[in-house]
Amino acid sequence: MRKKLLAAPYTVWSVAFILIPLAMVFYYGLTDETGAFTLENIAAIATAEHSKALWLSLLLSLISTIICFFLAYPLAMILCRMQVNQHKFIVFIFILPMWMNFLLRTLAWQTLLEKSGVINNILSFFHLPTQNLINTPGAIVLGMVYNFLPFMILPIYNSLTKIDPNVINAAHDLGANNFQTLLKIIFPLSLPGVVSGITMVFVPSLTTFAISTMLGGSKILLIGNVIEQEFTQASNWHLGSGLSIVLMIFIILNMVLNTAFDKEGEGNVI
Amino acid sequence: MIKTTAQKIYVALIFIFLYAPIATLMVLSFNASRTRSKWGGFTLKWYAELFENEAIMEALYNTLLIALLSAIFATLIGTIACISIHRMRRRTRAIMIGITNIPMLNAEIVTGISLMLLFLTLGVKFGILTILLSHITFSIPYVILSVMPRMKQLNPSVYEAAQDLGASPARAFFKVVLPELMPGISSGFLMAFTMSLDDFIITHFTKGPGVDTLSTKIYTEVKKGIKPEMYALSTIIFVTVLILLILINRPQKKKQA
Amino acid sequence: MRKLFAVPLALLGAVTLTACAGADSSGENGEVYVYNWGEYIDPETIDMFEEETGIKVIYDEFETNEIMYPKVEAGASKYDVICPSDYMIQKMIENDLLAEINFDNIPNAKKYIGEQYWEQSQGFDPENKYSVPYCWGTVGILYNKTMVDEPVDSWSILWDDKYKDSILMQDSVRDAFMVALKLNGDSMNTLDTAELEAARDLLIEQKPLVQAYVIDQVRDKMIGGEAALGVIYSGEAIFTQRENPDLEYVVPKEGTNVWIDSWVIPKNAPNMSNAEKFIDFMCRPEIAVINFEYITYSTPNEGARELIEDEDIKNSEIAFPDLSKYSNLETYSYLGEEGDQLLNEYWKEVKSN
């Protein structure tokens, strides 16, 4: 009896604020203004402007995720080898930037990248040609990498610290060189962290609209922007919900991948 | 030797990457010129004006209030949920964990929209309450994630032993189980607090008229020209957290946390 | 980690005390929810209103008419006073979202607002029943004299390769299409698919030259010298010139949009009588002039214009243009549900290209 009572608050909460709202997105996405069932809002992804936005989002978020991975993995390895008693401090150092608001951090990049911004000022100081940095896909990727990199570092770092050093020593004793150890021992053991890092970077990058607005000068339309505008400007909830469902397909794929590697069901976020 | 130097340089470069924009904002908070692109000399006037600016102060108040309340509720609900999920049968547990993961793995924009649709249908007045409910919702998974591993490490016989020695179930729980969970609970709380503080997208869809958090305030300001007071405020917040962090960590260096 | 717990708490304690002062409760005579454009009022006048009436103003801002509309339509956010533009007011009237205004409670409106503005309003509010003019103006090009050598008199300069990455366009559907339609010599209220498609193609052609699509940011970017040319509302001209004397505003010869932003009261307004008080207060010449001097948008308030001390501004051709001198002026009208959708569709195509 007590068992049921304990489970009650969260069960009620998750039904009310997770499942029902999600069901409503599906309801709106699968109906038209009259309330009749339709697949039109989902099929709308096939139109030129929507599919372009989706492909661009997929491409940019994929690039960001790859960059994040290659930046984060070596870093996590280095951090892992540093003195053990500083673990918490290291973790905190990467959460710390989040105390400076996300939009302000992105705005700061605007200041750095602008035509008469800091980077171009430095370039012209050395008589180098100024670069057109802002409002390009590159600037958006940079914004994504910058904002989501900590989410890649932390899970990888966590899973690396969990590896028993004896396993690595054993590999060395058995004649494996550093590279072999990395490839055959360390990397497979850190895979849960890598997978959850990929999820934590890929999903927010895929669905962002603030970064593309601020660093893309509204010139580059991502799928997140399309959905946001359907709700806040065109007031076409049905279309917006339909496109959200399409977006969720990619997220579910990611979730499946995540649970396949994370059998413990505990996640590696922190 | 060369290798460790290279490693240090690498770490340093990532640090520069992460903290350069923050340093830029701090420098801008002392810039006398209103526009970002020109340096107009050193000034402290934005710091003075910050405390005069009612709109920013109110947004700050809302942000902290929502972050604190949502973190408290999320920690409470999340911890209770952990205890109950832990005791569930395998299948039910898998389903519950799956549901728990939804707000974390789903796109924030979809979560925001789904909650907006819910509140609209229910006819709830958009304001602090709707933001708070949404923040609790997306914070709970983070609490569960950090408490769950502790829960698993917990030896069930300790709880039983306490009861065998005459402790009531409640007493056994508070004296034996809770202290074991505490590190997970507090890091979950911290995570929930930070997530709420930094959230923009979900707040953007669930906020009401005249109610702003710092994030939504900044988003509107970004579009119409940001006020330097905002840089001053972020600098204060950042430096405060940094100093506290350093103070807290110093004595910890010798022993494991 | 447990000790880290203390960080947010300590910070919270420190700042809550100061922040509390900012968050005061509702006024003794209730509240009024105002929904206005960004930077479109002097905050001073809000304080004065609160002090005089004891009504607390809850003030919210929108960026474009298109962002404002869904919020009001959805009904989750109930506002008492809103300040949309002409065509949007027409849309709101047609969709039965607005309340008829009782002008007996807003005596200052008829007393001080010039006759010509009421006539102009009849284009979207035929019987002057729903709206009280607040600001008006034109849309034109703001350019930086140090970056543009040739004379600017046509929208076509926004298609000039020379200014690649130095052009700022408006990030709002109607304004962007207006520029292209006018350049093609078409009406900006056209529903002709061929004309709209031509405009769309023109905008797509222009896109590589555009630095960014922005709204209120045009102002800061032009002042900061980030761009050479920008599409902007006439009201920003005086302000930007004051900050950066190199800037110049022109109305292109192909014609442009003459707009009016007016106060309206939505049907579901919870504080109708406070809304009337608010509008009446804003129509007072001495208040309107404070707002004019702060936002520098042309005021239809004749009483306020009399009070402007600076003779140059009082007779400024930019602040108070003589519309009869310009040709091809139009005011947006509501294009209907289908027209809106079509235009949105085309705009998305421009943006995603």
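Author: Starting at the N terminus, the elements of chain B go α-α-α-α-α-α-α-α-α-α-α. That comes to 11 helices and 0 strands, where helices (H or I, at least four residues) and strands (E, at least two) are DSSP runs numbered from the N terminus. Before going on: this is a predicted model, in which local features need pLDDT of at least 70 and side-chain atom pairs count only at pLDDT 80 or more, while totals for chains, interfaces and linings use all residues. Residues are numbered from 1 along each chain as its sequence is written, and chains are lettered from A and ligands numbered from 1 in the order in which they are written.

The box filled by the C-alpha atoms of chain B is roughly 75 × 65 × 35 Å along the principal axes. Chain B has 257 residues, and 47% of them count as buried (20 or more other C-beta atoms within 10 Å of the residue's own; exposed is 12 or fewer, partly exposed is in between, and C-beta atoms are placed from the backbone). Take the contacts in chain B with a separation of 6 or more: 77% of them come from residues 24 or more positions apart. Contact here means that the C-beta atoms of two residues, placed from the backbone, lie within 7 Å.

Now for the part you asked about. Chain B puts 66 residues into the contact, and chain A puts in 68 residues. On the chain B side, the elements that give two or more residues are α1 (2-28), α3 (54-87), α4 (90-105), α5 (108-122), α6 (128-153), α8 (169-198), α10 (214-224) and α11 (228-249). The largest share of that side, 10 residues, belongs to α1(B). Sorted by class, the side of chain B that touches chain A has 45 nonpolar, 16 polar and 5 charged residues. For those classes, Ala, Val, Leu, Ile, Met, Phe, Trp, Tyr, Cys and Pro count as nonpolar, Asp, Glu, Lys and Arg as charged, and the others, Gly among them, as polar.

Let's zoom in on α1(B). Its axis and that of helix α5 (residues 102-113) of chain A come within 8 Å and cross at roughly 80°; axes are lines fitted to C-alpha atoms, for helices over the stretch in contact, with angles from 0 to 180 degrees between N-to-C directions. So α5(A) and α1(B) are roughly perpendicular to each other (65 to 115 degrees; under 35 is roughly parallel, over 145 roughly antiparallel, and the rest oblique). From α5(A), the residues involved are A:Leu104, A:Arg105, A:Ala108, A:Trp109, A:Thr111 and A:Leu112, and they meet B:Pro21, B:Ile22, B:Thr24, B:Leu25 and B:Leu28 of α1(B). By class, this helix pair's contact has 8 nonpolar, 2 polar and 1 charged residues.

Elsewhere in chain A, A:Phe89 sits in helix α4 (residues 87-95). A:Phe89 has 19 C-beta neighbours inside 10 Å, so it counts as partly exposed. A:Phe89 and A:Ala53 are 36 residues apart along the chain, and their C-alpha atoms are separated by 40 Å.

Finally, a quick stop at chain C, which is divided into domain 1 (27-136 + 259-321) and domain 2 (138-258 + 327-352), with bounds from an automatic or database domain assignment. The C-alpha centres of these two domains of chain C lie 25 Å apart. Between them, 22 residues of domain 1 are in contact with 17 residues of domain 2.
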